There are 2 protein chains.
Amino acid sequence: MQRLREIGEEGLLKIIREGFPESSEELLVGIGDDSAVLELRDSRVLISTDTMSEGVHFLHSLFTPYQIAYKLVVSNVSDIHAMGGSPRWALLNLSIPADTGYDFIDPFLKGLRCGLQTYGVSLIGGDITDSQASVFTITMLGLAEIFITRSGACPGDGVYLTGPVGEAACGLELLKTIARPVRLEEGEKLELNLPWDDARVVLERFLLPKLPVMPGPSESITSMIDISDGLFIDLWRLCRESHVGARIYEEKLPLSRHQQSVAAFLGLDPYILMVSGGEDYQLLFTSPEDMEGCHRIGEVTREGLSIVRIDGRVEEITPLGYQHFGS
Amino acid sequence: MQRLREIGEEGLLKIIREGFPESSEELLVGIGDDSAVLELRDSRVLISTDTMSEGVHFLHSLFTPYQIAYKLVVSNVSDIHAMGGSPRWALLNLSIPADTGYDFIDPFLKGLRCGLQTYGVSLIGGDITDSQASVFTITMLGLAEIFITRSGACPGDGVYLTGPVGEAACGLELLKTIARPVRLEEGEKLELNLPWDDARVVLERFLLPKLPVMPGPSESITSMIDISDGLFIDLWRLCRESHVGARIYEEKLPLSRHQQSVAAFLGLDPYILMVSGGEDYQLLFTSPEDMEGCHRIGEVTREGLSIVRIDGRVEEITPLGYQHFGS
């Protein structure tokens, strides 16, 4: 099997360029020159960027290359969605050791292509470099007529979630007990002591997340953020940027039966998973209106951040969730 | 001294956000939300991205943190210049081990700020992640009315360079013999057995490169690329994209007296440094016109890629220069 050492930078660039033959009205120059060039009419352009690094965001012992790439696309699309925008173009930075084999590159590019196609995004550029550890970055550009920031929440607004949170964290814990990659993208099924349907849902949420339908209309939403690090920390960030507080209710938090089943199997507390588990890529937003199809979990207040537990106790919310550098 | 482990992701984000208070007419949302938002009128937007990884692009044993950041900015600005554009906005991805100290972060951000200010670029977003090795990416956006690709060279055009090549490679070789970082940004001078002015010029070209004045007018330029990997490989890339050949002349290659002096001191062949040394960030371009202030090193031909040596021998040019993965 060929390794990058043999394929070379020019060889890998050729594989990517031929595998992603992009064209659109706006794209004047794509992969292969010093810069990409887009011709845009009067536009609001959204730009976000997300990095996944080996040993932090993924382990080769638990992820297939397909899943690493797919998830990297999703985390970037989610950032554009969280601003109310439509993702359109992406750049990829591949920093990867020279002894990486084509058996990594090929499924990685398949996962990348599937993720980009799912969300209508074109690959228009990037950079390929040798490195000691694998670090992958996607930078995504999108367009929005109306964009939604983290800073517009008003006291009295409802606090909403587009779907259950904690499933991804539950999926990660289950995956750790399986202790090897699960090829969900190829339809792999495992024999576990719990219903496969429950296991599959939480594993998929962690490894190949599907993004929620965008809530709308945009005009009704006062602030929005995606749940990438955990409900509590992301709610804390949204409230900080909006200079408001919030009160949420444990009984209103959407808990999927799949998560309930897997958490019970693993002996984990579903509440902890729901409030501090990251990477669900659900959207957390605020609105003064009744947002059908979404879960109203509480309301925006003038100050303070608290949760009313099922037993009636009121607890202060601390920014619990994933922070890099472990502080 | 504080380490990132203590400062935390939120702490580092706060330092960056306060250190880069950007504002401009077009910037509706900057650092701190899920995406940055730019409001652009009808525009041609250039987007490029460059990564620098530890052990490949830099060694902590030879670079100051200031130089790593400054050079990363310059390599991105150079890509925008190579398309004939003006750089405007940047995103930074910092993937960095948790035990990194503030004595790295502080000068790194100073070098970043100086580089961005020098070229009129605003930092508008990014991502901070823990990682096993340091990998830094900047993605840069620029604007251009007329853009120049690698693919417009025509037989008969002159081949031009904006300045000497090989100085950066010469600087790297000198730095290896010094075997420790040289704080040029603080005016540090060393006692070496050669004139400091010669040493300083080649060290600066490698560590704190100044970009050349853009050749112009843009309408006169048929193709352009920046010399990031080496004259021969970058000329080969330009000719491949333009479906042409080129003949260049050794006697026309601009060789600085500083490089001549340092190469003699190190016992290196200046010719090899000139044709295969990377990271000079000079611009290589083609034009049917007489481009004043630039060095005409040869001409575009229908096919073939060759150099006429000083002694009259004609040698075929192979894509000699830096390629990642060492193939």
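Which residue stands opposite B:Val308 in S13(B)?

**Before selecting anything**

This is a predicted model. It scores ipTM 0.93 and pTM 0.94. Chain A averages a pLDDT of 95, and 100% of its residues score at least 70.

**Select chain A**

Colour by secondary structure: chain A has eight helices and 13 strands. The radius of gyration of chain A is 21 Å, close to the 20 Å that the globule rule gives for 327 residues, so chain A is as compact as a globular protein of that length. Along the principal axes, its C-alpha atoms fill a box of roughly 65 × 55 × 35 Å. Of the 327 residues, 55% count as buried. Now consider contacts in chain A between residues at least 6 apart in sequence: 87% of them join residues at least 24 apart.

**Show chain A together with chain B**

Here 64 residues of chain A are in contact with 64 residues of chain B. Several elements of chain A give two or more residues to the side that touches chain B, among them helix H1 (4–19), helix H2 (65–81) and strand S8 (223–226) of chain A. Which element gives the largest share of that side? Select S3(A): it supplies 10 residues.

**Select residues 65–81 of chain B**

This is helix H2 of chain B. At 1.5 Å a residue, its 17 residues should span 24 Å; the end C-alpha atoms are 25 Å apart, which agrees. Is H2(B) buried or exposed? 17 of its 17 residues are buried, so H2(B) is largely enclosed by the rest of the structure.

**Select the sheet of chain B**

Seven strands form an open sheet in the order S8-S10-S7-S11-S9-S12-S13 (chain B), and their pairing is mixed. At the edges are strand S8 (223–226) and strand S13 (314–316) of chain B, each of which pairs on one side only. On average, neighbouring strands of this sheet are turned by 25° against each other, direction ignored.

**Zoom in on S12(B) and S13(B)**

Strand S12 (residues 305–308) of chain B is joined to S13(B) by three bridges, and the two strands run antiparallel. Select B:Val308 to settle the opening question: opposite B:Val308 stands B:Val314 in S13(B).

Conventions: Residues are numbered from 1 along each chain as its sequence is written. Chains are lettered from A and ligands numbered from 1 in the order in which they are written. This is a predicted model: local features need pLDDT of at least 70, side-chain atom pairs count only at pLDDT 80 or more; totals for chains, interfaces and linings use all residues. pLDDT is the predictor's confidence in each residue, from 0 to 100. Helices (H or I, at least four residues) and strands (E, at least two) are DSSP runs, numbered from the N terminus. The expected span of a helix is 1.5 Å times one less than its number of residues. A residue is buried if 20 or more other C-beta atoms lie within 10 Å of its own, exposed if 12 or fewer, and partly exposed in between; C-beta atoms are placed from the backbone. The radius of gyration is taken over C-alpha atoms; the globule rule is 2.2 Å times the number of residues to the power 0.38. Two residues are in contact if their C-beta atoms, placed from the backbone, lie within 7 Å. Two strands pair if DSSP finds at least two bridges between them. Axes are lines fitted to C-alpha atoms, for helices over the stretch in contact, and angles run from 0 to 180 degrees between N-to-C directions.
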